[in-house]
Amino acid sequence: EGYFQASLTSLLVSLTFQILICYWQNNRLGWRKTFMECIPILFGFKPALDAYRIATGAKQEVGTTIDPMLENSFNKGVEMFAEAIPGVIIQLMAIISSKDEVDIVPWLSLAVSAFTTGFVSASMSYDWDTHPEKRQK
């Protein structure tokens with residue numbers, strides 16, 4: 001019924017935007033550095049890498065466009081609006097349009113997806129509110 005294609009499209013749009021952000025962030029550092037920074041995106045490891053950089057207090061690298069905190073927020077925003085929210089909508093449409101009785105598992109999956117999306121949104125706000133340098137501004 002097209003739900004797989006919609007989910008795959010959502011994922012590919014998210015990856016594309018994250019790669020564009022990575023290119024924008026690192027293109028002045030050369031193609032090799034830009035490529036190396038794109039690899040974690042392709043393996044789904046970029047959020048963990050961004051979190052590590054923020055937790056260790058990494059500063060903005062000379063030649064990059066934005067600081068790690070803003071890059072993390074951009075990537076989380078892309079994941080939320082291009083992948084997580086469409087994923088919730090796709091799941092809901094699949095449940096609603098089902099002609100059979102829907103088991104509890106799809107509803108639990110939908111609830112987990114919705115709560116996870118809300119958590120990511122709240123954590124973005126929390127990160128900005130509690131970041132020592134950003135609080136000074």
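How much accessible surface does the protein chain have, and what share of it belongs to carbon and sulfur atoms? In this predicted model, local features need pLDDT of at least 70 and side-chain atom pairs count only at pLDDT 80 or more, while totals for chains, interfaces and linings use all residues. Residues are numbered from 1 along each chain as its sequence is written, and side-chain values use heavy atoms, with hydrogens and water left out. The accessible surface comes to about 9,100 Å², computed by the Shrake-Rupley method with a 1.4 Å probe, and 68% of this surface belongs to carbon and sulfur atoms.

The protein chain has six helices and zero strands; helices here are DSSP runs of H or I with at least four residues, and strands are runs of E with at least two. Along its principal axes, the C-alpha trace spans about 55 × 35 × 20 Å. Of the 137 residues, 28% count as buried, meaning under 20% relative accessible area with a 1.4 Å probe, protein chains only.

The largest pocket has a volume of about 310 Å³. A pocket is an open set of points on a 1 Å grid over the protein atoms alone, where a 1.4 Å probe fits, with protein on both sides within 12 Å along at least five of seven lines; lining residues have an atom within 4 Å of a point. The volume is the space filled by probe spheres set on the points. Of the 15 lining residues, Glu79, Glu83, Ala84, Gly87 and Thr117 lie nearest the centre of the largest pocket. Helix α4 gives the most to this lining, with eight residues.

Technical notes:
Buried < 20%, exposed > 50% of the residue type's maximum accessible area, 1.4 Å probe, protein only.
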